[in-house]
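Hi there,

Here is the structure I promised to pass on. My notes follow below it.

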Amino acid sequence: MIKMLMMLGLMAQPGGPGPEKTEKPKYMWFDAEANFKRFSSKDSIRFYLDKTKAAGFNQVVIDVRPIYGDVLYKKTKTMQPLTQVGKDKRHVKWDYLQVFIDEARKRNLKVSVSTAVFPAGHPQSKTGPAYRDKRFEGKTTVEHTPDGIKNIRDDKTKVAAFLNPLMPEVQAYAMNFIREIVSGYDIDGYVLDYCRFADVENDFSDYTRKRFEAHIGQQVAHFPEDIFTWEIVNGQKVRKDGPLAKQWFEFRSGVIHDFIAKARKEIKSLQPDVQLEYWAASWYGHLYSNGQNWASQSYDASKEYPWASATYQKTGFANELDVFMNGTYLEKTYGMQDPESIEFGLARGKRLIDGACKMYGSLYALNHSDIEDQVYVCLTQSEGLVMFDIVQVIEFNLWDRLKSGIDRAESDLRK
């Protein structure tokens with residue numbers, strides 16, 4: 001296994017003494033919302049890029065479009081700037097993304113850009129394009145909740161006001177900001193985040209119903225009951241799937257697959273060397289509810305999961321990616337037979353992806369009690385590391401522990 005993990009290539013440094021050490025991709029994620037105030041200063045950006053480099057990371061992810069729907073880059077003709085998150089406001093003349101890129105290059109750090117793809121506003125504050133732009137009237141998702149039919153823009157329990165991923169106008173809107181970033185900035189990777197349905201309750205609009213009926217070649221006699229209903233069991237409202245549930249889940253996953261394929265084609269046409277990257281949670285068996293089939297098309301989920309149709313595997317989108325960031329946001333580190341461990345999540349990810357793309361282990365810095373070993377496991381049992389998010393790394397002062405885990409892994413990988 002060690003030999004396989006080391007086959008990343010050894011390059012001699014010009015004028016150097018010999019081959020350079022093997023170095024896997026190690027990403028530090030800079031979330032836009034959590035760090036909105038902190039990175040309103042160029043000096044702060046420089047300081048924490050220095051810290052990131054010193055800890056052993058060689059790539060950063062810069063989030064420039066969080067769930068609010070507005071953006072943190074200047075080269076745009078379609079988007080508005082994000083000027084407020086919560087009570088924090090800022091108005092800067094400089095280009096946030098360009099500053100990050102310029103400073104990262106000075107430190108020999110590669111740069112991936114992340115955008116939330118389908119969210120377009122914040123239900124709690126009712127801010128963002130979904131609330132101010134008439135183009136999006138009727139295009140936010142419709143929910144089939146235990147308490148009845150709702151529009152997500154009015155549901156304050158949801159993290160974001162999602163647009164309907166199925167609508168051509170929504171896909172065109174998303175493709176616009178993807179195109180602006182890839183064509184306007186010198187980047188190494190593009191991360192599709194929130195590129196999914198909000199949850200199992202979405203989307204039950206008339207538009208999606210008609211498209212689903214066309215997809216299966218028949219009308220749905222009882223909608224949404226033929227998909228699923230909510231029933232009271234032991235005092236709790238639980239979902240009971242109807243006769244068309246499996247076809248519905250496959251249909252929604254197909255929508256996400258097809259959009260990712262379009263995004264890949266567009267990105268590669270503009271900058272062929274930019275990697276298409278995608279983050280999702282490692283608990284694959286629950287993500288059908290979001291339309292996220294991150295497996296390879298060689299993997300047949302119907303053999304393991306009762307919600308999967310016999311043809312669900314054709315919606316697997318790993319084949320469209322260069323990198324899958326496997327979100328093993330778990331507290332346990334070891335245990336190949338323990339579904340709640342990082343080791344298990346990484347092993348399952350490799351099995352389901354089946355070599356269709358690279359897979360990097362992704363960690364949640366809030367689960368930091370065993371962070372050194374977690375870093376070690378990700379680097380020795382996957383093809384790279386993604387650390388989310390720098391805000392917790394700063395809060396809990398994890399820099400030395402991260403560096404220790406990286407150094408130990410790289411030492412063992414050189415053996």
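On H6, the face turned away from the buried side carries the exposed residues Asp206, Lys210 and Ala214. Exposed means over 50% relative accessible area, buried under 20%, and partly exposed in between, with a 1.4 Å probe and protein chains only. Helices (H or I, at least four residues) and strands (E, at least two) are DSSP runs, numbered from the N terminus.

Before going on: this is a predicted model, in which local features need pLDDT of at least 70 and side-chain atom pairs count only at pLDDT 80 or more, while totals for chains, interfaces and linings use all residues. Residues are numbered from 1 along each chain as its sequence is written, and side-chain values use heavy atoms, with hydrogens and water left out.

Back to H6 (residues 206-216): Thr208, Phe212, Glu213 and Ile216 are its buried residues. They cover an arc of only 140 degrees around the axis, which puts them on the same side of H6; the arc is that of the directions from the helix axis to the C-beta atoms. These buried residues of H6 pack against H7. Just after H6, Gly217 has a positive phi of about 75 degrees.

Ser253 lies in H7 (residues 245-270) and counts as buried, because its relative accessibility is 0%. Leaving out residues up to four places away in sequence, Ser253 touches Gly291, Gln292, Asn293, Tyr312 and Thr315. Contact means heavy atoms within 4.5 Å.

Ile181, in helix H5 (residues 168-184), is also buried, with a relative accessible area of 0%. Not counting residues up to four places away in sequence, its contacts include Val64, Val113 and Tyr190. The C-alpha atoms of Ile181 and Thr76 are separated by 8.2 Å, although these residues are 105 residues apart along the chain.

**Helix H11**

The 15 residues of H11 (residues 399-413) should span 21 Å at 1.5 Å a residue, and the end C-alpha atoms are 21 Å apart, which agrees. The expected span is 1.5 Å times one less than the number of residues. Buried in H11 are Trp399, Leu402, Gly405, Ile406, Ala409, Glu410 and Leu413. Their arc around the axis is only 135 degrees, which puts them on the same side of H11.

Happy to talk any of this through.

Best wishes
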